[in-house]
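Hi,

Here is the structure I promised to pass on. Have a look at it first, and then read my notes below.

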Amino acid sequence: EPQQLELATTSKRKLRRFIVIDEGVDKLYGSKIREYFEENKVQHKILTLPTTEEMKSMDLVLNILQEVQDFSIDRRTEPIIAIGGGVCLDIVGLAASLYRRRTPYIRVPTTLLSYVDASVGAKNGVNFLQCKNKLGGYTPPVASFLDRSFIQTIPRRHISNGLGEILKMALMKHKGLFDLLKNHGKYMLDTKFQSCSGFTDHGDAALQTTRIAIETMLEELAPNLWEDDLDRLVDFGHLISPELEMRVLPSLMHGEAVNVDMAFMTYVAHVRGLITAEEKEQILQCMRGLELPVWHSGCSWALIKTALKERLKHSGGQPRMPLPTGLGVADIFNDTSEETLERAFKLWVKE
């Protein structure tokens, strides 16, 4: 805003920023980021950390807070900046929410998954006692800065991983988004979600896809930011996957584990008669086209039963199971029998 800009540029007080950056991102973009702060005469401290799922712990949060304390920020006017993937954004968000009870922070996602998922909403957290995101809170960032050019330097598998969360929103809420993924998924993988001119057959599929994914996510999250209502379509793919992901680390990435869960739930929806055999095949074909796993040997019947028991503990005693009822439409179900689940599991494994 013009007034804020004028205040910032005319103030005699030196601008200061504390930045946490993933070490992989730092290798690629660290010099540019440092150059930016130096050119704008911003006094800054850049903390480079390994932010992987295995490192997502309270210890890392405390390390950040020690550095924040040493740098001595003003919690009202000096937001902490997180630059990295979803794990980095989650850890820094939790650290900021704890420091002086609540310090503002800014998210800069650098992976496709964090661009469409972690950058949106209020949640942050860390893993605890081998449980995913068991410690955390709801503190939204003051801003998320979205720049798809970061995605051009991430490996193809990481882009596919992000497509898992985009597909979730497509199956739950948006047939048009599903069609975009089905028709342009491979092209977006090949071009790493960059806007390319000269490919008129595809239009700007990457821009459309990310925009719709974020808009549908916001539609779901904004009215229910603190999850007072536990019936959430965005939980599709997140009933079995937390248990699976932690059990098989590091063989499955988050979006891949979510997709394995979604593939199984697609069979559940089919066995229940909610979707046709043709719709089931269309969904699985789209998943394969996005280079996502549709099955994993670690997802045993015993694990599924354990995961669903865990689900009941934190969802008010109901499974609250989101299932597709067509392509791009869905509902929440509490009446799926164990027999139906087992039939779906056997068919899934067989096929």
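Which residue in strand 7 does Arg107 stand opposite? It is Ser144. Before going on, please note that this is a predicted model, where local features need pLDDT of at least 70, side-chain atom pairs count only at pLDDT 80 or more, and totals for chains, interfaces and linings use all residues. Residues are numbered from 1 along each chain as its sequence is written, and side-chain values use heavy atoms, leaving out hydrogens and water.

**The sheet**

Helices (H or I, at least four residues) and strands (E, at least two) are DSSP runs, numbered from the N terminus. Five strands form an open sheet in the order 2-1-3-4-7, with parallel pairing (two strands pair if DSSP finds at least two bridges between them). At its edges are strand 2 (43–49) and strand 7 (143–144), each pairing on one side only. Strand 4 (residues 105–109) is joined to strand 7 by two bridges.

**Helix 11**

Helix 11 covers residues 277–289. Its buried residues (under 20% relative accessible area; exposed is over 50%, partly exposed in between, with a 1.4 Å probe and protein chains only) are Lys280, Ile283, Leu284, Cys286 and Met287. Seen down the helix axis, these fall within an arc of 155 degrees, taken from the directions from the axis to the C-beta atoms, so they line one face of helix 11. They pack against helix 6 (156–173), helix 7 (175–190) and helix 10 (254–271), contact meaning heavy atoms within 4.5 Å. On the other side of helix 11, Glu278 and Gln285 are exposed. Glu291, which follows helix 11, has a positive phi near 65 degrees.

Best wishes

Methods
Expected span 1.5 Å × (residues − 1).
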